[in-house]
Amino acid sequence: MATPKNAIKVSKKHLLGIQDLSILDVKIILSESKNFIALNKSKNKKIDILRGKTQINLFFEPSTRTQSSFELAGKRLGADVMSMNITNSAIKKGETLIDTAMTLNAMHPDIIVVRHQDSGASNLLSQKVNCAVLNAGDGRREHPTQALLDALTIMEKKNKIEGLKIAICGDILHSRVARSNIYLLNMLGADINIVAPSNLMPKDLEKFGVKTFTNMKEGVKDCDIVMMLRLQSERMTSSFLSSNREYYEYYGLTPDKLEKAKSDAIIMHPGPMNRGIEIDTKLADDINKSVIREQVELGVAVRMACLKLFCE
Amino acid sequence: MKKQFFLNANIVDPKNSIEEMGGLIIGETGKIEAIGKKVNQNNIPSREKYVDLKEKYIFPGLVDMRVFVGEPGFEYKENFRTLSNAALAGGVTSVVTMPNTSPVIDNVSMVDFLKRRGRDKSKINIFPTAGLTKNLAGTNMNEFGLLNKKGIVGFTDGTKTIQNTRLMSRIMRSAFDLDALVIQHAEDNELSKDGQVNDGIIATKLGLQGIPDYAEKIIIERDLTLLEDFNCRYHISQISSGKSIDVIQNKKETVKFTTGVSINNLSLNQNDIGDFRTFLKLSPPLRTEEDRLALIKGVNQNMIDVIVSDHKPEDEESKRLTFSQAATGASGIETLLPLVLELYHNGSVKLNKLIECITSNPAKILKIDKGSLSVGNNADLCIVDLYKPWVVKKEKMISKSKNTCIEDKKLQGKVLSTFINGIELFKC
């Protein structure tokens, strides 16, 4: 995937979702990310292109990998990174998101990375601050950097995305990762199969240009990539499923289901995993098939690229 | 008061089947003395001054059947004074207020308070409703008889629905005995739980919990089934989908009931929500364009009797939040008539039919002597320039809360003046 030489800037001020990006933006981000992969593997991992810049991580929801990945990415680029601990903040005292945003804005940050449990929170925030806002996940809506790192991982492994057959399986209803990946992988020319029980399938999903399946074996048939999603039990307010063991039986990734995919198919998962619920524990650790660790590794590179491009 | 004469007006009064050029005489007591084509220059005394309306329109004052006022408890959102000023600017002369206040309207003393406040602070006619259940909790039925005697025109839990079927059947029986009007907001609580927008492509795209159309349909079906056995006066507050129209069509032959719709659901669809515009977070939610067209068809085929503003003033702070945290509802009493006229201008519905839905039909359902230009009635009316173009601007709104869902919309048709009891209380 070649990037035009004159195009080095993304067209948007904020990274709120894949929906807002053009294909050129995506190519710029991915090609920039590639430059950072090597840096992250080298001995001296620190450069100073963001020296003097301030990055605030505002996480209203618990997060391990995304928050640490963004923090590390900012630090490796030389930015001053501050991670807000929401449990100690004024949010707990009843401050609204907008007021928090205004307060932080007054400290002149250059970039705010935000995760929030409500869909659209990052959009709201971006309307009220002067700096760039990077969405690190808003409710069920989007998680753009996850989709970008997934795309980068696929390109590293398969050298292309166009024409690949990709199955995204599991709790689609509650998943921002699924939505961002649908937009991104569709844009890059993949064929997407969505596999989920009807109770976890969002309405009118076919209108997004994907095929939907409630039978997993049919859904993963001849796929190059099988992307598993976490069952988000914490977002389930009423009975969606009978039990985890029945879910595993029908929608967990097991060797017999994976057999239907292409023989060189790779397994992806954005983490954190529920072993034995959505994925067989041996498959998750199978270094010949699973690229779950690479996803985390490339996540830092993608976030470095995003910080660099949106900070400019 | 001096007698007032208006000539050369387009008069639309559906109750009296008047749709003609003519004149209007308002008597010294503020009542309508004569109306129609027979009123012309030849039968008014030559010494009297008259107003030449130059073919502008005269409609009966609007009767808005679903209005939220902040008194008591939420005066910072809207009080009777601000509500009546906003209503007058929209040609609305009578409103039915919802009981979702703090404290709620569910007993005789609260009704006394409301009537006093309405009389002292409001220039328009206030017709309060009281809760179907005590504390609007959906468990114990209210004193329909005693409250009726105090002047309550109808009973509703406002934004809430009676979920318990047995209770609903008993409410209907009691309402039948006491001639009470039951107004139901139709929504199954469990199906719409945490719901923000219509369940469909927009909900999926925005990542918001959807409210399926069958959440409404199922309550309507249930209530109309009960109504076969307990035939009380029953009105569905507002419907939002084509599915509900189908149910209504099927039942229209066998049971007697009436139906309302919010002007928002007739004018907008779910795509207008755009990028999380919280001012368009409504209940029932905006649905698909097919649903909107089905509702318009419903108005044309007499499946829908009433169009309401669903005026729900909310302060800025309640809307400047994420979509799921933001309050539900839009301020709309000032724009009800212009939006209704849009349906006339774009050829969706005939003018007479539309005016019927906002004047005589609600009055008939409520059994109140309003919504018409009958001779001998109080002269509650509005004079309208049907073609005047204007743009909705938040800062020009009169209502205390500016949460309009049609900011910057271009409209055609504006109220020039509004009269109550023959007194001009609003002039553009």
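Four cavities of 30 Å³ or more turn up in this structure under the rule used. The model is predicted, and every value here is computed from it. Take the largest cavity. About 70 Å³ of space lies inside it.

Helix α11(A) gives the most, with three residues.

Stay with helix α5 of chain A for a moment. A:K158 lies in this helix, and A:D264 sits in the loop between α9 (255-258) and β9 (266-268) of chain A. The two residues form a salt bridge, with their closest N and O atoms 3.5 Å apart. Over all chains, the structure holds 33 salt bridges.

How many salt bridges cross the interface of chain B and chain A? The rule finds zero. Polar contacts are another matter. Between the two chains, 11 residue pairs are in polar contact, with both residues at pLDDT 80 or more. On the side of chain B that touches chain A, the residues divide into five nonpolar, seven polar and five charged.

Now look at the extent of this interface. Contact involves 17 residues of chain B and 23 residues of chain A. Together the chains bury about 1,800 Å², and 51% of that is on carbon and sulfur atoms. B:T204, B:K205 and B:R320 stand out here. They supply 30% of the area that chain B buries against chain A, more than any other three residues.

Finally, turn to the backbone. Most residues other than glycine have a negative phi, and most peptide bonds are trans. Some places here depart from that pattern.

In chain A, a cis peptide bond joins A:G271 and A:P272, with omega about -10°. A:P272 is found in the loop between β9 and α10 (281-285) of chain A. In chain B, the peptide bond from B:S102 to B:P103 is cis, with omega near 0°. B:P103 belongs to the loop between β7 (92-97) and α2 (108-121) of chain B.

Where is B:L136? Look in the loop between β8 (125-130) and α3 (144-149) of chain B. B:L136 is not a glycine, yet its phi is positive, at about 50°.

Note on methods
Residues are numbered from 1 along each chain as its sequence is written. Chains are lettered from A and ligands numbered from 1 in the order in which they are written. This is a predicted model: local features need pLDDT of at least 70, side-chain atom pairs count only at pLDDT 80 or more; totals for chains, interfaces and linings use all residues. Side-chain values use heavy atoms; hydrogens and water are left out. Contact means heavy atoms within 4.5 Å. Buried area is the accessible area (1.4 Å probe) that two parts lose on being put together, summed over both. A salt bridge is a side-chain nitrogen of Lys or Arg within 4 Å of a carboxyl oxygen of Asp or Glu. A polar contact is a pair of N or O atoms within 3.5 Å; within protein, one must be able to donate a hydrogen and the other to accept it, and residues adjacent in sequence count only if both atoms are side-chain atoms. Ala, Val, Leu, Ile, Met, Phe, Trp, Tyr, Cys and Pro count as nonpolar, Asp, Glu, Lys and Arg as charged, and the others, Gly among them, as polar. On a 1 Å grid over the protein atoms alone, a cavity is a set of points where a 1.4 Å probe fits but cannot get out, and a pocket is an open set with protein on both sides within 12 Å along at least five of seven lines; lining residues have an atom within 4 Å of a point. Grid points are joined across faces, edges and corners, and a volume is the space filled by probe spheres set on the points. Helices (H or I, at least four residues) and strands (E, at least two) are DSSP runs, numbered from the N terminus.
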